Amino acid sequence: MKKVVIHLMTIVLLLGCAYITSPIQIGAFSAQEIARGAKGDDVIELQARLQYIGYYTGSIDGNFGYGTYWALRNFQDQYGLPVDGIAGAKTKKKLSEVSKYDEKFVKDNLNKGNKFSHYGGKPLANQVSKGAGKKENTQLPSKYSEQDIQLMANAVYGEARGEPYEGQVAVAAVILNRVEHPDFPNTVSGVIFQPLAFTAVADGQIWLTPNERAKEAVLDAINGWDPSENAIYYFNPITATSKWIWSRPQIKKIGLHIFCS
Amino acid sequence: MKKVIFVLSYALVALAIFSYGKVKENESLSIALSGQYANHMADASEKLSALDTAVKKTLLFNEAEGSSKAREDIWRLSADIQSSVASLPIDPSFSTSWMNYLSRLGNYAKENDNITNHQEYHKVMSQASNNLSAMAEEWEVATNGMVGGRLTMDEWRRKLDAEHSGHDWKKMGTTVKQYTESDFPLTASESDSMKKKDLRDMKDEKVTKEQAIERFKQLFPNVSNEVVGVEMSKPGSPYPFYHIRFAENQSVSYIDITEKGGHVLSYLSERPFGKEVLPFEEIKQKTETFLKNAGYKDVVYEEARENDTSWHLVYVRIEPEYKAKVFSDVIHLKVAKDNGQIVGLDASEYIRKEKTAPQPMVQIDWNTFFHSGVHIAENELAYVENDRLEQRLAHYLTVTMDENGKVGTYAVIVDTETKEVIKTEKLK
């Protein structure tokens, strides 16, 4: 009998320990800490809840930027929590207690690309208007826009979709190197649409729908990668018609493209 | 049989009508495009003449104040012409040299507020004015056919591609390049900056191919089992490097390592990602352990951005004198969300560390410096490159301001000695 009791107590103790050490799920939030730079469903919920109680006035887009950061700090300050701008377990718990989150309303509107808000105290149905369509949800360095990413992804896919991943990042990096270079236009669109600059613009392949790989390559380039090693030109030696391009100092070959300065 | 002939005849007629329509449509598109290009060319010609006048106007005065409006015009017009040139189908060697010249001319005029040597300004701009007049004439001749409507788009393209196009664009490009070298030679800071970018002046010992592979295996032991190939950079590269490609299971990756010193320029791995997501703190910890083991010990965390499969993290060097961040000496890392593996590293900007000099720090009253609604959230010291490509010690301020009920956040970088605002950037 004693043995059975000891066994039972051990099991209860183990289960208790497992419960205590397991991550605590607060409301619908995941167990992850969320800080500036994060993105995704947790950030959507954080923004919606902060907006519900009037702390957050920006768009609910799932990107944890400065707007969300200051709103969260104000909330933490008001509720006597450590003010660090990080949504940890305590902050999420308090936020779940004092706010509401209509996940279906928020997600539906995000998917439809509507303009909407999630303030408490007034009907949600009155807080929606038609928007420009579903937007990508990407964390970008301040100087780039979603439009830049889209255009670059189109250019990379049109120019280098058959190339290795490294080659695709290198093509995106060449576009960015040109933007910074005094010999070229100083915007992404100016560089891409400069006449005679890219074959994909001339033959219309720039308007093909880019795949995820091309988008990922663009993200790596705008986040600092340059496999071209500072190139401002590249060409395919099999198809290149310009004699001038052969006069450029060559840096490296990736796939079918030679990258030059 | 009659029916077949009947159907075929109708089909032929329909095809002929369709083809005629298409030809007409292409013709009108071509005319519209020629019109656009002719407009840009004429616009560039007019502005070129206005630019020359603005340059001449600045030569009338001894004091910078007298010519400030004309200098502003030079900067604006050179940017406008650059924009026109950028949208034209012209010889690339000419357009790049021309854009460079215009950009340097505009910057020189803009920066003249800080230049006290007016004799030097007069000398440079007199020469620039002569060159601009010569260039304006050349430009008029070169674009004559298009602006006068005598050439269609196709004819213009053929003329550009032709061996003997009737106009020597390449010579024009070379001439502009010479103008740039004589009128606006590289300053010491620009030259230093280029050298840093090129890494060509590294004095480190050369490493062999085997040593480069060893360095790679030491840094990334989990992915470096199978080296697919090692190539040396091409002779035109300003700094020689080993380009190592490798594969491991489903990963395909590359790493570039400098020949001098065996420094990592960049590394990137492509692999499928799992659905699991590690907490950011764990990812950051793994990254910092990697940096320490790889010998990058003088860097601190700056920022991170989450994306679908990975985190992009940024670390910057801390200099010892003021413990200021040096934003030009940066390391980028890409870390997989599923297991915290380093799948990307770019340390090309970290290899040759910026030379930072001690600099006085004057008292700045931020209450009078900023408008009353601006709140300083953070103030840290950083070395930042200014317009003249000099590394300056600066206050790196994160400030907020109410913008119609929303909080706007800005990075404002202020020189500690001159109080010059080096940069203002809106933060997302």
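Student: What is the handedness of the crossing in which α7(A) passes α10(A)?

Tutor: In this predicted model, α7(A) passes α10(A) in a right-handed crossing. The term applies because the near helix is turned clockwise from the far one by less than a right angle.

Student: Which residues of α7(A) and α10(A) meet?

Tutor: From α7(A) come Y165(A), Q168(A), V169(A), A172(A), A173(A) and L176(A). They meet R213(A), A214(A), A217(A), V218(A), D220(A), A221(A) and I222(A) in α10(A). By class, this contact has ten nonpolar, one polar and two charged residues.

Student: How do you know that β4(A) and β5 of chain A pair?

Tutor: Pairing requires at least two bridges between the strands. β4(A) and β5 (residues 257-260) of chain A have four bridges, in the antiparallel sense. For K253(A), the bridge partner in β5(A) is I258(A).

Student: Why are β3 and β4 of chain A called edge strands?

Tutor: The open sheet has three strands in the order β3-β5-β4 (chain A), with antiparallel pairing. Strands β3 (233-235) and β4 (250-254) of chain A each pair on one side only, and they are the edge strands. From one strand to the next, the twist averages 25°. Helix α7 (residues 165-180) of chain A packs on this sheet and touches β3, β4 and β5 of chain A. The direction of α7 makes about 140° with that of β4(A).

Student: Is A212(B) buried or exposed, and how do you know?

Tutor: A residue is buried if 20 or more other C-beta atoms lie within 10 Å of its own. A212(B) has 24 C-beta neighbours inside 10 Å and therefore counts as buried. A212(B) is placed in helix α9 (residues 209-219) of chain B. Leaving out residues up to four places away in sequence, A212(B) touches V207(B), Y242(B), I244(B), I257(B) and G262(B). Between A212(B) and H243(B), the C-alpha to C-alpha distance is 9.5 Å, and they are 31 residues apart in sequence.

Student: What makes N404(B) exposed?

Tutor: The exposed class takes residues with 12 or fewer such neighbours. N404(B) has 6 other C-beta atoms within 10 Å, so N404(B) is exposed. This residue lies in the loop between β10 and β11 (406-415) of chain B.

Student: Why is L389(B) called partly exposed?

Tutor: L389(B) has 16 other C-beta atoms within 10 Å. Buried needs 20 or more and exposed 12 or fewer, with partly exposed in between, so L389(B) is partly exposed. L389(B) sits in the loop between β9 (375-385) and β10 (391-403) of chain B. Although L389(B) is not a glycine, its phi is positive, at about 60°.

Note on methods
Residues are numbered from 1 along each chain as its sequence is written. Chains are lettered from A and ligands numbered from 1 in the order in which they are written. This is a predicted model: local features need pLDDT of at least 70, side-chain atom pairs count only at pLDDT 80 or more; totals for chains, interfaces and linings use all residues. Helices (H or I, at least four residues) and strands (E, at least two) are DSSP runs, numbered from the N terminus. Axes are lines fitted to C-alpha atoms, for helices over the stretch in contact, and angles run from 0 to 180 degrees between N-to-C directions. Two residues are in contact if their C-beta atoms, placed from the backbone, lie within 7 Å. Ala, Val, Leu, Ile, Met, Phe, Trp, Tyr, Cys and Pro count as nonpolar, Asp, Glu, Lys and Arg as charged, and the others, Gly among them, as polar.
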